[in-house]
Amino acid sequence: YSSLSQKPGSSPLPPGGALWQQFFLMGIAAPLSEELLFRGILFERLRMALPFFWAALGSAAFFGLVHGNWAQGIYATLMGLILAWLYEKKNRLWEPVLFHSAANLTAMLMRGLLWHW
């Protein structure tokens, strides 16, 4: 599914995806589960053996790879570095989860604005 191939005026949401479902998935479920996995587990394990930079880069690169395409992969890798820094600085997951949620919801809003106006 590629939102770039849509016709103007068509919905940026997958077929059958209600707006509330997308809000829940992108704003709550994905940020929470991804932060638990990529920062709470992967980064944390890497950090036990590596300096911050290498642990952050490793977890961020893997975060980028699982996003499935080059554009999202590069963005997610850079975002992963920021999220690892937040996690390292605060030593808790709430800040990365909230930042991740805000980024996802902003992207969702921007797609909606671009394809509906």
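This chat walks through arginine 39 and the helices around it.

Visitor: Where is arginine 39 found?

Guide: Arginine 39 is in helix α1, residues 19–49. Helices are DSSP runs of H or I, at least four residues, numbered from the N terminus. This is a predicted model, where local features need pLDDT of at least 70 and side-chain atom pairs count only at pLDDT 80 or more, while totals for chains, interfaces and linings use all residues. Residues are numbered from 1 along each chain as its sequence is written, and side-chain values use heavy atoms, leaving out hydrogens and water.

Visitor: Is arginine 39 buried or exposed?

Guide: Buried, with a relative accessible area of 0%. Buried means under 20%, exposed over 50%, partly exposed in between, with a 1.4 Å probe and protein chains only.

Visitor: What does arginine 39 touch?

Guide: Leaving out residues up to four places away in sequence, its contacts include Ser59, Phe63, Gly80 and Tyr87. Contact means heavy atoms within 4.5 Å.

Visitor: Which residues of α3 meet α1?

Guide: Gly80, Leu83, Ala84, Tyr87 and Glu88. On the α1 side, Arg39 and Phe43 are among them.

Visitor: New topic. Which residues of α3 are buried?

Guide: Among them are Gly73, Ala76, Met79 and Gly80. Down the axis of α3, the buried residues fall within an arc of 160°, so they line one face of the helix. That arc uses directions from the helix axis to the C-beta atoms.

Visitor: And which are exposed on the other side of α3?

Guide: Trp70, Ala71, Ile74, Leu78 and Lys89.

Methods
Helices (H or I, at least four residues) and strands (E, at least two) are DSSP runs, numbered from the N terminus.
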